[in-house]
Amino acid sequence: KPRQHDQIDRGQRSFRRVSAALALSRGFVDGENMFPQRPPRLLPHAYTDTNAIFTVAFGTEKRVRVFARADVAAAMAATIREHADATSTVVYAYCVMPDHVHVLLTPSPTLSVNTFIGQVKNLGQRKAWSLGVRGAFWQRSFWDHCLRDSDYLQDQIDYILDNPVRARLTTDREGYSFSGVDAGPSFRPTR
């Protein structure tokens with residue numbers, strides 16, 4: 001005869017399994033991806049606001065170190081710069097890490113943040129293929145945050161540029177070839 005606490009334990013385990021399955025089916029939990037999917041925090045029109053500054057990070061599927069190869073990382077960095085110039089998107093800072101990319105940007109009047117990142121991922125993957133990388137490697141989505149105060153702009157730039165130092169890929173950020181600050185003549189970082 002089962003005891004009452006055994007039934008409660010089974011009930012709690014069952015509830016946890018159902019809750020986990022529901023969360024997984026809705027995209028809130030993803031054990032393999034660096035940036036799990038979640039419901040968007042912002043309304044779609046926010047991603048087109050040319051007065052907003054967004055910090056975005058997008059990673060490779062299963063954290064594959066696609067950009068550990070210098071030629072592939074350089075091609076991805078060039079893709080970010082070239083596509084920003086071609087679309088009039090202001091990129092304040094960017095950094096290509098071995099398994100993910102950071103970009104700090106303001107969207108152009110004709111291109112939302114979502115579209116810009118999607119196009120950069122597509123162009124970067126095509127360049128990687130031309131360099132011998134095989135298969136699709138991007139995660140489906142990306143992580144983003146809208147800066148609420150431009151006073152934090154320099155902090156975000158420093159965070160992005162110091163990423164390779166924190167990961168011990170270099171001893172100083174100037175020594176890392178796959179990152180940069182580029183926002184035209186009107187922007188000058190303070191450090």
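# Close-up views of a predicted model

View 1. Lys127 has a relative accessible area of 28%, so Lys127 counts as partly exposed. Here, buried means under 20% relative accessible area, exposed means over 50%, and partly exposed lies in between (1.4 Å probe, protein chains only). Glu82 is also partly exposed, because its relative accessibility is 46%. Side chains of opposite charge can pair when their charged atoms come close. Lys127 and Glu82 form a salt bridge, with their closest N and O atoms 3.0 Å apart. This pair links distant parts of the chain: Glu82 sits in helix H2 and Lys127 in helix H3, 45 residues apart. A salt bridge needs a side-chain nitrogen of Lys or Arg within 4 Å of a carboxyl oxygen of Asp or Glu. By this rule, the count comes to five.

This is a predicted model, in which local features need pLDDT of at least 70 and side-chain atom pairs count only at pLDDT 80 or more, while totals for chains, interfaces and linings use all residues. Residues are numbered from 1 along each chain as its sequence is written, and side-chain values use heavy atoms, leaving out hydrogens and water.

**View 2. The whole protein.** Four helices and five strands make up the secondary structure. Helices (H or I, at least four residues) and strands (E, at least two) are DSSP runs, numbered from the N terminus. Along the sequence, the pattern reads α-β-α-β-β-α-β-α-β. The protein has 191 residues, and 42% of them count as buried. Among contacts with a separation of 6 or more, 68% join residues 24 or more positions apart. Contact means heavy atoms within 4.5 Å.

**View 3. Helix H2 and its cover.** Helix H2 covers residues 70-87. Its 18 residues should span 26 Å at 1.5 Å a residue, and its end C-alpha atoms are 26 Å apart, so the two agree. The expected span is 1.5 Å times one less than the number of residues. Which residues of H2 are buried? Among them are Val72, Met76, Ile80, His83 and Thr87. The cover over the buried residues of H2 includes strands S1 (54-59), S2 (90-96) and S3 (100-106), plus H3. Just after H2, Ser88 takes a positive phi of about 60°.

**View 4. Lys121, buried without a salt bridge.** Lys121 belongs to helix H3 (residues 113-130). The nearest side chain of opposite charge to Lys121 is Glu61, 8.3 Å away. Lys and Arg count as positive, Asp and Glu as negative; His and the chain ends are not counted. What lies 3.3 Å from a polar atom of the Lys121 side chain? The backbone oxygen of Ser141 does. Leaving aside residues up to four places away in sequence, Lys121 touches Phe58, Trp138, Gln139, Arg140 and Ser141.

**View 5. A network of salt bridges links Asp158, Asp162 and Arg173.** Arg173 meets Asp158 in a salt bridge (3.2 Å, N to O). This pair links distant parts of the chain: Arg173 lies in the loop between helix H4 (153-166) and strand S5 (179-181), and Asp158 lies in helix H4, 15 residues apart. Arg173 and Asp158 are both buried. Arg173 also forms a salt bridge with Asp162, the closest N and O atoms being 3.6 Å apart. Asp162 is in helix H4 too, 11 residues from Arg173. Arg173 counts as buried because its relative accessible area is 18%. Asp162 has 27% relative accessibility, so Asp162 counts as partly exposed.

Note on methods:
A polar contact is a pair of N or O atoms within 3.5 Å; within protein, one must be able to donate a hydrogen and the other to accept it, and residues adjacent in sequence count only if both atoms are side-chain atoms.
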